[in-house]
Amino acid sequence: MNDTYNTRPFDHGGRAREGQTDFSANISPLGVPDAVRAVLADLAAGDELARYPDPDCGELCAAIAAREGVPAERVLCGNGAADLIYRYAAAVKPERALVLQPTFSEYEKALALTGCETEQVLLRPENGFAWTEDLLTRLTPDLDLFVFCSPNNPTGVSAPPDLLVTVLDRCAEQGIAVLWDASFLDFAETPEVYRGVMQKAWQKAQDLSVLNSFTKLYALAGLRLGYLLTLEGDRSAAMQAAGAPWTVSTAAQKAGVAALGCEDYADELRRYIATEKQFLTDGLEALGFRVLPADGDRAYVLPDANFFLLRTEREDLADTLEEHCDIVLRRAETFPGLDAHFVRIAVRTHDENTNLLNALKEVLTHG
């Protein structure tokens, strides 16, 4: 067990100050959907906030179940995806887990609190941080749990669908439960393919649990709302019992139901992100960045998500941009396998992306 996960300081993005442009948090640049704003305004004007929220999130779970094609009893809502990671660890209590790195730090932090021994598989920049079949050799019967994020944070790389199916089958053969963080799946090029993989795994009765979040797609980071899909309702019940009651506020539940009805907003956002990803790609290429596993100091990972992982010759790039340009990047040296040469940038509005490219050109060209 790595005890450092219990004592590390807060090491996530989203801490920009007023007046700074925040590229450190991977949130929708279109802002909160109008329908969600309207629901919250009506809620604030009424009396419902004086009553306790539904502890079972019944209406919200039903809406999520309809979207995901699963029974409502297999949906558990939480105070953001992070809350559900900790509930999962507390309910399942695995003794040994395998975690793909570099990735979101809360998986290992949550597992460490339950006494779980964790092993890591480092995805390598020389492979573009892609999955390889070597992973299969690490899925052994002494493991209780395999944890991964796809599309991955901070690399933006998705698992190859065929290899993912093979990995899930191997885990089932070896009696290994699987926790898949799919918080960025809505930005993937082929999300329907991966949702098909999930459904087939459940049809085979494989112990697969899938996380998702309202933070990224609907810009609801401040409300804290996520959900987990499981194979059986018993897992949801055990996880609910592993945490405090009423963790999902009435405001978050109402906002979640409204957000799920905003299909036009979601479609517009996906188109916007795709356009701006291409704009950023062209701009980075003009600055001498090449797709990993390219040689040279300047490289980027072509993402299947709404952010880019960059490698540059400057260890002080994030500090320089924040100090001189009021642009906040996500420093990546806190991720296992990465160092201070790596930073993560979110896809923001066109004007903000333009300003970022101009700032990168100035700093990387003129120092």
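The structure holds 13 aromatic pairs. The model is a predicted one.

**Aromatic pairs**

- A pair of aromatic rings is described by two values, the distance of the centres and the angle of the planes.
- Phe129 and Phe342 form an edge-to-face pair. Their centres are 6.2 Å apart, and the planes stand at 75 degrees.
- Phe129 lies in the loop between E4 and E5, while Phe342 lies in strand E14 (residues 342–346), so the pair ties together parts that are 213 residues apart in sequence.
- Both partners are shielded by the cut-off of under 20% relative accessible area for buried residues. Phe129 counts as buried because its relative accessibility is 1%. Phe342 has a relative accessible area of 6%, so Phe342 is buried too.
- Ring pairs also build a cluster. Its members are Trp131, Phe146, Phe148, Trp180 and Tyr194.

**Charges over rings**

- Arg74 lies over the face of Trp202, at 5.0 Å from the ring centre.
- Arg344 lies over the face of Phe307, at 5.7 Å from the ring centre.

- Strands of a sheet pair through backbone hydrogen bonds, either parallel or antiparallel.
- Strand E5 (residues 145–149) and strand E6 (residues 177–181) run parallel. Five bridges join them.
- One of the bridge partners in E6 is Ala177, which faces Leu145.

**Helices H3 and H4**

- Helix H3 covers residues 81–92. The axes of H3 and H4 come within 9 Å and cross at roughly 35 degrees.
- This crossing of H3 and H4 is right-handed.
- On the H3 side, the contact is made by Ile85, Tyr86 and Ala89.
- On the H4 side, the contact residues are Glu106, Tyr107, Lys109, Ala110, Leu111 and Leu113.

How values were computed: Residues are numbered from 1 along each chain as its sequence is written. This is a predicted model: local features need pLDDT of at least 70, side-chain atom pairs count only at pLDDT 80 or more; totals for chains, interfaces and linings use all residues. Side-chain values use heavy atoms; hydrogens and water are left out. Two strands pair if DSSP finds at least two bridges between them. Helices (H or I, at least four residues) and strands (E, at least two) are DSSP runs, numbered from the N terminus. Rings of Phe, Tyr and Trp (its six-membered ring) pair if their centres lie within 6.5 Å; planes under 30 degrees apart count as stacked, over 60 as edge-to-face and the rest as tilted. Buried means under 20% relative accessible area, exposed over 50%, partly exposed in between (1.4 Å probe, protein chains only). A charge sits over a ring if NZ of Lys or CZ of Arg is within 6 Å of the ring centre and within 35 degrees of the ring normal. Axes are lines fitted to C-alpha atoms, for helices over the stretch in contact, and angles run from 0 to 180 degrees between N-to-C directions. A crossing is left-handed if the near helix is turned anticlockwise from the far one by less than a right angle, and right-handed if clockwise. Contact means heavy atoms within 4.5 Å.
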